[in-house]
Amino acid sequence: MTSAPDKSVTLGLIVLVLGAVSIGLAAPLVKLSDMGPQTIGFWRMAIAIPAALIWMLLDRNPPANAQTPSGLKRWLYLALPGLLFAGDLAFWHAGIKITTAANATFLANLQPVFVVLGAWLIFGETITKRFMIAAVLAVVGAAILSSANISIAPERLPGDILSMMTAVWYAGYILAVRQARAFASTGTVIAWTTLVSAPVLLLVAIGFGETLIPPNLTEWGILVALALGVQIVGQGGVAFGLGRVPAQIASLVILIQPIVAALAGWLMFGEALIAIQFFGAGLVLAGVYLAQRRARAVASRPLADTDKGG
């Protein structure tokens, strides 16, 4: 019979995959919009706030055996994911406007490297040989998936740097969500993330002098899709999964999103997919498969030996 920890991890992995698929639609949706990059980020978070608050009201129970930090530390842990995610969106949206979408996608998806280091240093998560093999397969696969459209040019270097920094911001976000999910429900974490990110991104958009009001219903539709489909369903799925799956493994599962982005680009914009990209997608899926095997193996151990994530 499957143990309770194993069932919890399996559920977390399933929701993580669904979340990653939803997040994979972010780049095509941003590409469809003619609005400024920071304004897109602001509306993505602002429109998501009502749904996030409803989620929080319906999901207020903390994880089992939660040890809630006291005083200011609790509020800092809840606010930190929103601050880091605001940085992630600001840098990624700015970078994708300067460099190519392929460059931005590949560089941003180097986040598992930083997540692994952070998970090892902060949470003491063990880095096994199997996980390292899975990580190499997934990251190399992501590189190959983007390789057909990656280009190197001096004028794109600022965008490439911004995209690389996106990986650092998003890795920090994953680790911060993992920390918050140790004592707070998914709904609480998502609500705090949207409430903190929205005003920060609004200030950034104003600072860049971008037009804040969407000009037509098409733009509003894109923003609603980003808010509900990508932020609530996608990042909500990631937050849910991080309460059950080690951060380093979750960071690899999230690498499914470049596959979704490539397929969406093919369907929506007619972007070509060549044989080497299918090979890259296969490597990503192989890495994800090995990672989820690792997660289930950890869950099946006696409770004293398993990771203590919430």
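Student: How many helices and strands does the secondary structure of the protein chain come to?

Tutor: The count is 13 helices and zero strands. Keep in mind that this is a predicted model. Written out along the sequence, the pattern of the protein chain is α-α-α-α-α-α-α-α-α-α-α-α-α.

Student: Good start! What share of the residues in the protein chain is buried?

Tutor: A residue counts as buried when its relative accessible area is under 20%. Here, 54% of the 310 residues in the protein chain are buried.

Student: Let's look at one helix pair. At what angle do H8 and H10 pack?

Tutor: Helix H8 covers residues 157-180 and helix H10 covers residues 217-242; they pack at about 50°, and their axes lie 8 Å apart.

Student: Why are H8 and H10 called oblique to each other?

Tutor: Angles under 35 degrees count as roughly parallel, and 65 to 115 as roughly perpendicular. At about 50°, H8 and H10 are therefore oblique. As for handedness, H8 crosses H10 in a right-handed sense.

Student: Which residues in H8 and H10 meet?

Tutor: From H8 come Tyr170, Tyr173, Ile174, Val177 and Arg178, and they meet Gln235, Val238, Ala239 and Leu242 of H10. By type, the residues of this contact are seven nonpolar, one polar and one charged.

Terms used. Residues numbered from 1 in each chain as written. Predicted model: local features only at pLDDT ≥ 70, side-chain atom pairs only at ≥ 80, totals over all residues. Heavy atoms only, no water. Axes fitted to C-alpha atoms, helices over the stretch in contact; angles between N-to-C directions. Helix = DSSP H or I, 4+ residues; strand = E, 2+ residues; numbered from the N terminus. Parallel < 35°, antiparallel > 145°, perpendicular 65-115°, else oblique. Left-handed = near helix turned anticlockwise from the far one by under 90°. Contact = heavy atoms within 4.5 Å. Nonpolar A, V, L, I, M, F, W, Y, C, P; charged D, E, K, R; others polar. Buried < 20%, exposed > 50% of the residue type's maximum accessible area, 1.4 Å probe, protein only.
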